[in-house]
Number of protein chains: 2
Amino acid sequence: MAKQQNAPCDVVIVGSVGIDTIETPVEKREGILGGSASYACAASSFFVKTGMVGIVGTDFPKAFMKLYQSFGIDTAGLQVKEGQTFRWSGVYEQNMDHRRTLSTELNVFASFNPELPDAYRKAPYLFLANISPELQLHVLDQVRKPKFVLLDTMDLWINVALDNLRKVIGKVTMLTLNEHEARHLTGAHSLVTAARSLLKLGPRYVCIKKGEHGSILFSKNSISLMPAFPLEKVEDPTGAGDTFAGGFIGALARSGGTSEEAIRKAMTYGSVVASFGVEKFSLDRLRRLTPREIESRATIFRKLGRIL
Amino acid sequence: MAKQQNAPCDVVIVGSVGIDTIETPVEKREGILGGSASYACAASSFFVKTGMVGIVGTDFPKAFMKLYQSFGIDTAGLQVKEGQTFRWSGVYEQNMDHRRTLSTELNVFASFNPELPDAYRKAPYLFLANISPELQLHVLDQVRKPKFVLLDTMDLWINVALDNLRKVIGKVTMLTLNEHEARHLTGAHSLVTAARSLLKLGPRYVCIKKGEHGSILFSKNSISLMPAFPLEKVEDPTGAGDTFAGGFIGALARSGGTSEEAIRKAMTYGSVVASFGVEKFSLDRLRRLTPREIESRATIFRKLGRIL
């Protein structure tokens, strides 16, 4: 990893790194690599040099660290701390639409204090994946004038850290969250109304994720509809939103832009990478994914989705 | 109406005509015009001459009959029978996603035996909206070589008339049904798998409707994604699927084609007309809708939905 540590990163992503046990109607997989930072960094790494900020315990398998390296992920910002790695287990119901958390062990993640290596601080594109708004604010304080900051969150923070959540939403370029969270946070049922209300908190863009139904991008004066790539088999939807967001920020960084057109193009790539990711558990599909496969599916996707 | 009776229809639609009482979280409306044939014929009438096949009782308000005429709907196939018109009442839950039927009174609809006036029998485009598969088959027997037959159905017929349902599916060009029905009918969770299984029953196209998430068109060798036009306010989603299907068949008939491209273009118009329809109860929005508004929203829709 030494060779990576001094080169600047195009994208920096802070989030969770975990060891997951996941049960679907078809299969149960134990001790697999998970966490928002894992999915998002892997997805972003297809497009640009990506630095990871996270924390793992001393039990974190060397094989997982090697897997990050095989993606070319810069792990200079991944802290290794005495103790156990964050663990999560969950089960998907019959139709994969709903998942139930069976257990969450925060372990070293409970004392996570994200510190950015120097090489990360000038990164032009930043993705604050789902961690507490307080930590997201702390990361924002350490970066110097990023061109574009993407923020994700989750229901938990709406319930227990609403003030800080609103504060960090006010400081980012784009907020991404799922439709349930958008409704929860605003009290509005219509996603158009919810997005308008979220835009008032400060971000220039709000992207509402709808899982297998795609996503919608809102700005003050525009709406863009993005379907999801249709899949016959979904082995494990865990991390789909993180993969979408990671692919998005990586593709946006590769374009070098921040315009609405650049954002829409980057969302296409986020959707495409996420559609591959859910075909297998953990990073099993992404580790075998090639740039050519991404381009090929993006071309098909644009064709399937043309409104005539 | 006399002037309409001898001119041939471009589209014929058979379905229910009802008097509805609908309660949403915001408002309750009693005794309003409903039924699949009402919504579908109104939507189709924006594009071509449309004939309605249905049944009402002698209590059917003259104002509703006049409303059909104001759309230019040919009502030569609408039987008026001694007795009460079909009545339905339902309530939408908090988020408009689920509706509960409070009561259904079949009345004259229980003895419905659809007979097509001569002027209807050569109609090139036919929409068999949601009635029993047995009656749908009976209507099919009366038409001479239609170019395109669209079929809708509902859960009830999957439960009580599966054999006839499969039989009629095998005789039509395109089947449309919602995602729940597609899963119910095939036992597959993936919509791609469900559609493949439905295509094997005979139709050239299967269109799975996903409500506010749009629809997907499947053929043996292709998939087309159609988002829904994003709306801030939905007053009443009743009849959205019928309005979509009616707008679709009308626009397809106007094009004169049956190619996949013609079908995709027609789906755009179906989506647009349906997006207007749900803005108000019953036909309240459609009765004021203009062709210019349809074109204008279709243009916006194509722009919002471009995958870059």
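1. A definition before anything else: contact here means heavy atoms within 4.5 Å. By that rule, and leaving aside neighbours within four places in sequence, T268(A) is in contact with M226(A), F301(A) and R302(A), and across to the other chain with I307(B) and L308(B).

2. Some ground rules. This is a predicted model, in which local features need pLDDT of at least 70 and side-chain atom pairs count only at pLDDT 80 or more, while totals for chains, interfaces and linings use all residues. Residues are numbered from 1 along each chain as its sequence is written, chains are lettered from A and ligands numbered from 1 in the order in which they are written, and side-chain values use heavy atoms, with hydrogens and water left out.

3. On confidence, pLDDT is the predictor's own confidence in each residue, from 0 to 100. Chain A averages 95, and 98% of the residues score at least 70. The model scores are ipTM 0.89 and pTM 0.92.

4. How are the two chains related? The same surface serves both copies, since 100% of the contact residues of chain A recur in chain B.

5. Back to T268(A), which sits in helix α9 (residues 260-277) of chain A. Helices (H or I, at least four residues) and strands (E, at least two) are DSSP runs, numbered from the N terminus. T268(A) is buried, with a relative accessible area of 0%; buried means under 20%, exposed over 50% and partly exposed in between, with a 1.4 Å probe and protein chains only. Its side chain also reaches the backbone oxygen of L308(B) at 2.7 Å, to be read against the limit for a polar contact: a pair of N or O atoms within 3.5 Å where, within protein, one must be able to donate a hydrogen and the other to accept it, and residues adjacent in sequence count only if both atoms are side-chain atoms.

6. Now the interior. A nonpolar core is a set of buried Ala, Val, Leu, Ile, Met, Phe, Trp, Tyr and Cys residues joined through side-chain atoms within 4.5 Å. The largest has 112 residues, and those with the most contacts inside it are L128(A) and F248(B). Helix α10 (residues 260-277) of chain B gives the most to this core, with 9 residues. Apart from it lies another core, of 111 residues, among them F127(A), L252(A), I55(B) and V108(B).

7. With the same exclusion of residues up to four places away in sequence, L140(B) touches L126(B), L128(B), V149(B), V168(B), K171(B) and V172(B).

8. Which strand holds L102(B)? Strand β7 (residues 99-105) of chain B is the place of L102(B). This leucine is partly exposed, with a relative accessible area of 49%. Not counting residues up to four places away in sequence, L102(B) touches S89(B), G90(B) and V91(B).

9. The cysteines deserve a look. A disulfide is taken as a pair of cysteine sulfur atoms within 2.5 Å, and the structure holds 0 of them over all chains. C9(A) is in no disulfide, and the nearest cysteine sulfur, that of C41(A), is 9.1 Å away. C9(A) counts as buried at 3% relative accessibility. The sulfur of C207(B) is 19 Å from the closest cysteine sulfur, in C41(B), which is too far for a bond. C207(B) is buried as well, at a relative accessible area of 0%.

10. Finally, two backbone angles to check. Most residues other than glycine have a negative phi. N107(A) has a positive phi of about 50° although it is not a glycine; N107(A) is found in the loop between β7 (99-105) and β8 (125-128) of chain A and is partly exposed, at 29% relative accessible area. K145(B) has a positive phi of about 45°, again without being a glycine. K145(B) has its place in the loop between α4 and β9 (148-152) of chain B, and counts as exposed at 81% relative accessibility.
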